[in-house]
Amino acid sequence: MKLNEIKFTNPYLKLPAECHDRVKPTPLKKAFLIHANESVAEMLDIDKEELYTDAFVDFVNGAFHPEGSDSFAMCYAGHQFGFFVDRLGDGRAINIGTLNGLHLQLKGAGLTKYSRSGDGRAVLRSSIREYLMSEAMHGLGIETTRALAIIGSEQQVIREDWENGAIVLRVSPSWVRFGTFEYFAHKKKFKELEALADYAIEESYPHLVGKENAYIDFFTEVMEKTARLMAEWQAVGFNHGVMNTDNMSTAGLTIDYGPYAFLDEYDAAYICNHTDHHGRYSFGNQPTIGEWNLRALMAALSPLIEMKEMEKSIAGYWKIYKDRYLDLMISKLGFDEVKEGDLDLVKHLLGTLQGLHVDYTLFFRTLSRYSGDSAGILKLGLYHQPMIDWLDDYDRRLEYNTSTQEQREGKMLQTNPKYVLKNYMLQEAIDAAHQHDFSVIGQLFKIAQDPYAEHPELERWAGPTPGEFKNTKLSCSS
């Protein structure tokens, strides 16, 4: 499909007027393409040749409006670091239309009704981070929003200093957040709340449409997806950094990539957001915050659903989380099936890694080729005996496997990524981009799309994070 053949629909605009505010994008000056995602273009049925035209830059810049375009910003509230803020909304994101069931949104396209004291813009560094990481999460098999393209510009935006403005064209099957429900519940807009629930069900859980108990079933499925998402983050070592309820998706997606990080060395107490002074959103606390956020959603849904019914539902959160997490960790360890005592073995390993300052991703990739010789593993850590003790237990557990070592290795290499996008890698891409060199973005994008492959030409990204770049903390600034 050519760009001039696109025909947008706008299903969200069927909701009551208070759910959104119509607003036009404000294009950046002297915009240019940095990178485009051909696989997302294929999902949208857009010809890949179109991605490298001036018209496509205009499209991402909000200067070209396809048929059916009726752009708007969404309204929502949210608990931010545990404190309720009654009006947030899309302060720098503008929805431009729905195509093939996916909602397209420009992040950084100018002021909206919800920008508050902001400028509605996004800067190059944060845009690069979101563009690459959303694709990396998809490559790891974790539910996420994605992005079609990123453009840069010569337009300056003020943050801590003057920076270049950029826009990411984000793509998602849903942009409904826990905080969207919180807004209407807080305002006692129960008609809008019910309409929103019906919309979210039709959008993300169409099998529930028309069911007698659709609302409680909706909450239950959101709860289950959230529990599984938290387990997937923990297993791969991903720290979101700002799990406010306005950053939580009712479709169970990873959304709003801000001060995130993949673990360098394993540390359950790791905090990637330097404004998170009390560690509310630390790596190890994410599953607990997942439940906390679901309870905030329960309060918002209480005008539609009996609390006692939701309490019954959320009582299953921790079992779903633990079962999914254990399944993932068993796969990372190469076991054929879960056996009694496996959870203790996982806990023993994490306790060992916590004290050894070992790179989390590299450890599991190295373990994937373990054949009983501990030398390759031991060279990763500073203190050998704790790891030797764990490997002894691991050897005994492997005796229960029926698969061969070759089969186990093959499975583990497809479960334990060779590459994850560490913050030092992203910073190198950002630094190069500031010099108009976008080649590092292309390298990291290749890794993001297939993190389990060897990519010998990109081997330098497979090692541990250099010491001077470990455990970097970031802000929410964009």
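So, secondary structure: this protein has 16 helices and 12 strands. Helices (H or I, at least four residues) and strands (E, at least two) are DSSP runs, numbered from the N terminus. Please keep in mind that this is a predicted model, where local features need pLDDT of at least 70, side-chain atom pairs count only at pLDDT 80 or more, and totals for chains, interfaces and linings use all residues. Residues are numbered from 1 along each chain as its sequence is written, and side-chain values use heavy atoms, with hydrogens and water left out.

Now the overall shape. The C-alpha trace spans about 65 × 55 × 40 Å along its principal axes. For 478 residues, a compact globule would have a radius of gyration near 23 Å, and the protein agrees with its 23 Å. That radius is taken over C-alpha atoms, and the globule rule is 2.2 Å times the number of residues to the power 0.38.

What share of the residues is buried? In this model, 57% of the 478 residues are. Buried means under 20% relative accessible area, exposed over 50%, and partly exposed in between, with a 1.4 Å probe and protein chains only. As for contacts (heavy atoms within 4.5 Å), take those between residues at least 6 apart in sequence: 72% of them join residues at least 24 apart.

Helix H8, residues 307–314, has Met310, Ser313 and Ile314 buried. Seen down the axis of H8, these buried residues fall within an arc of 90°, so they line one face of the helix. The arc is that of the directions from the helix axis to the C-beta atoms. Those buried residues pack against helix H6 (214–236), helix H7 (286–301) and H9. If you turn to the face away from the buried side of H8, you find the exposed residues Lys308 and Lys312.

Helix H14, residues 405–413, buries Arg408, Met412 and Leu413. They cover an arc of only 125° around the axis, which puts them on the same side of H14. Their cover includes helix H9 (317–333), helix H11 (360–367) and helix H13 (384–398). Glu406 and Gln407 are exposed on the face of H14 turned away from its buried side.

Threonine 352 counts as buried, at 7% relative accessibility. Apart from neighbours within four places in sequence, threonine 352 is in contact with Pro386, Met387 and Trp390.

Last, some backbone angles. Most residues other than glycine have a negative phi. Where in the chain is arginine 116, then? Arginine 116 is in the loop between strand S7 (102–107) and strand S8 (122–123), and has a positive phi of about 50° although it is not a glycine. Histidine 455 also has a positive value, with phi near 45°, and sits in the segment after helix H16 (439–449).
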